[in-house]
Structures are given as C-alpha cells and as structure tokens.
Amino acid sequence: MKEYITLSRFIIEEQRNYPGATGEFSSLFSDITTASKVVYREVNRAGIAEILGSTGSINVFGEEVQKLDEFALKTFVGVLSRGGYLAGMASEETVSVIKMPDDVPRGKYLFAFDPLDGSSNIDVNVSVGTIFGIWKRKDGEGDASEEDFLQPGKDIIASGYVVYGSSAMLVYTTGRGVHGFTLDPSVGEFILSHYDIKIPEKGKLYSANEGYYNRWSKAMKNYIEYLKEEDKEAGKPYSARYIGSLVSDFHRNLLKGGIFLYPADSKHPKGKLRLLYEAFPLSYIVEQAGGAATDGKRRILDIVPENIHQRIPLIIGSKRDVEKFREFVEKEGE
Ligand code: AHG
Ligand code: MN
Ligand code: MN
C-alpha cells in the first residue's frame, strides 16, 4: 500500500530527533498548516468572492496593500498568536513587532513572515505564497522586541513557504533536509509528496527582471550576457523564467535547478527583497537542499539584520550558478 504520510505525522516523528522537544514546535507547525489552508481557500475563491484588488490603503513601504495581503496577515496572526509558543511576530505588512494577546502566555519562538508574496500578481491568476522563518529568542521574557528579531539567518531553526498554486504545497526545513507536502483537498491534509528535495548543482534557468538591465551593475550585466552565450558543452544559453512572484520563481528553480537574481540596482541600491522574511527563510531552504544564496559578497545566512524590514540583494539557487555569479562580482570589484 502506498504510504500516506501527513505533515503532522512527519513533524511528530522528526521531533523525536530533538531531545527535549516539548511539542510546542509541533503545535506551531500544525497552526501554520491551518492558517495556510484558510488562506489557500480564500486565494482560490478570490475572484468569486470579489475580494480581489486593492484595499486602497498603502503599506509601510508605500506599496498598495491588496485585500488578500491583509486577509493572509490576519489569518496567520489570528491562528498563531493564540498558540502560546510565540514571543512575537514580525511581518511585511506591519511596521513593528506584533504583540501576542494579553490572555495568552508568551513562548520562546519568534515568527517572521511575508503573509502573501507575489500579491501584485493575484488578479491575473499567478501563484502567490506565504514565506516564514522561525527563531528562538535569545533571552528575556514577555513580549519580543524588534532587537530579539535581529538574529543572523544561520540561527534560524526552521523555515518554509507555502505556494498557493494549482495545488497548495508546503515546503519546509528544520535543518534535516527539505521536504515538500501537497494539500489533498479531499481530506484537507498536507501529504508528503517531495521527500528530501535536492536542488541540481547546476541549472539551466535564470530568473531576473531584465527590464531593469540598464540599472544593473557591470558584474550583473556581464553575468547575464554570459548565460546567454551559445555554448552547448557548458549548457548555455540558459532559459529565462521570471514570474515576478519570488515564492513561485524560487519553488520552480528549487525543483528544476537554476538561479534567481534580484540584485542591487540604481533604483534599489540595497535590493528590493526583504532579508528577514524573504531572503533568510529561502536561503536556509536552498542551503539545506544543497544550493547557495549570496548578496553578491556575503553568504545571506551570515548577515545580521539591522532592522526587521531591511532589504537585501538576493542571488539564490543552484550552487555552481551562484558561485559563477560571485566570480563575476569579484572580477568587477563590486
Ligand atoms: P510582495 O508581493 O510580497 O510585495 O513581493 C513582491 C516581490 C517578489 O515576490 C518578486 O520577486 C518581486 O517583488 C518582483 O519585483 P519586480 O516587479 O521589481 O521584478
Ligand atoms: Mn514578498
Ligand atoms: Mn507580501
């Protein structure tokens, strides 16, 4: 008989490898799956429910907030904040750390997330997703402060994302490989579908917003030109694939191999993507899958954030492709 392993079963078994595990972590994950199922349902019926489009309000970065951004934020906060395992939450859609309700005990975990990544694509049926990272607070009790969240990426204890696509898929790691679970809507359970995902060492795809070519550094321009050269033996030219929804671009490249690049450019001197709740979680996953992530100079996971909404250039994917990009940066000295 084919094995039917649910995410909750898998996590409980995985937690046996962590002596002293209290079960809080399993509860946290079980709540993440509940919240993501609710968001997936809403994303799916968005067109019919007429909640597409913007709320008319602007988020802390001056971007238009889509209704589903808000829905995803509220759902995750609503479900996770009652668990008693969190000291605080940080999200793309909220300026400061989100406080847990007064009547709920404070836990030891910190949860940083992008409630709905790629949401500008939502009204054209492009896959969106939730990205999250979990840290343990270093010290202190009570409510978490912004400083508690300023831990390096390498101290992350778990990260993951959920893609709300033709099916919903949850991919996560606790540092023991990367595993993918697909939602079986008939029973409402995430079922193990991709065990121990490994990203190919070298890919054939590159993902970058080439419309910004003229804003790029010399190293970035040269690297992309290099990928386009005709060279059969080196597996070139690469194919371009860019959805504009990080979680979906990343997911495809993780499974197929490739490199995603959102570098610094003349308009985004620090890059566009966010370190804490976009770059860190995906970098932890990619490394666990055998890939690499850099900002051009530093390994992403070595960076210590200066604030919870810090932006960072992100070059992430197959190991040899990321290394090649680094060579171009070293050559150009930037
Ligand atoms: P979000 O929807 O959470 O604001 O993120 C959008 C991000 C990311 O998903 C994507 O990779 C990137 O913005 C696309 O940016 P450009 O349109 O500048 O290429
Ligand atoms: Mn995002
Ligand atoms: Mn977002």
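Visitor: Let's start with Phe10: is Phe10 buried or exposed?
Guide: Phe10 is buried, with a relative accessible area of 13%, where buried means under 20%, exposed over 50% and partly exposed in between (1.4 Å probe, protein chains only). This is a predicted model, in which local features need pLDDT of at least 70 and side-chain atom pairs count only at pLDDT 80 or more, while totals for chains, interfaces and linings use all residues. Residues are numbered from 1 along each chain, chains are lettered from A and ligands numbered from 1 in the order written, and side-chain values use heavy atoms, without hydrogens or water.

Visitor: And Tyr195, buried or exposed?
Guide: Tyr195 counts as exposed, at 57% relative accessibility.

Visitor: OK, aromatic pairs next: how many are there?
Guide: The count is 20 aromatic pairs, taking rings of Phe, Tyr and Trp (its six-membered ring) whose centres lie within 6.5 Å, with planes under 30 degrees apart called stacked, over 60 edge-to-face and the rest tilted. Among them, Phe10 and Tyr195 are edge-to-face, at 6.3 Å centre to centre and 75 degrees between the planes. Phe10 belongs to helix 1 (residues 7–15) and Tyr195 to the loop between strand 9 (189–194) and strand 10 (205–207), so the pair ties together parts that are 185 residues apart in sequence. Helices (H or I, at least four residues) and strands (E, at least two) are DSSP runs, numbered from the N terminus.

Visitor: Switching topic, which charged end sits over the ring of Tyr226?
Guide: That is Lys236, whose charged end is 3.3 Å from the ring centre; the rule asks for NZ of Lys or CZ of Arg within 6 Å of the centre and within 35 degrees of the ring normal. Arg176, in turn, lies over the face of Tyr18, 5.9 Å from the ring centre.

Visitor: Last one, helix 8: which residues are buried there?
Guide: In helix 8, the buried residues are Asp321, Val322, Phe325, Phe328 and Val329. They cover an arc of only 110 degrees around the axis, which puts them on the same side of helix 8, the arc being taken from the directions from the axis to the C-beta atoms.

Visitor: What do they pack against?
Guide: The buried residues of helix 8 pack against helix 5 (218–228), strand 12 (259–262), strand 13 (292–294) and strand 14 (314–317), with contact meaning heavy atoms within 4.5 Å. The face turned away from that buried side carries the exposed residues Glu330 and Lys331.
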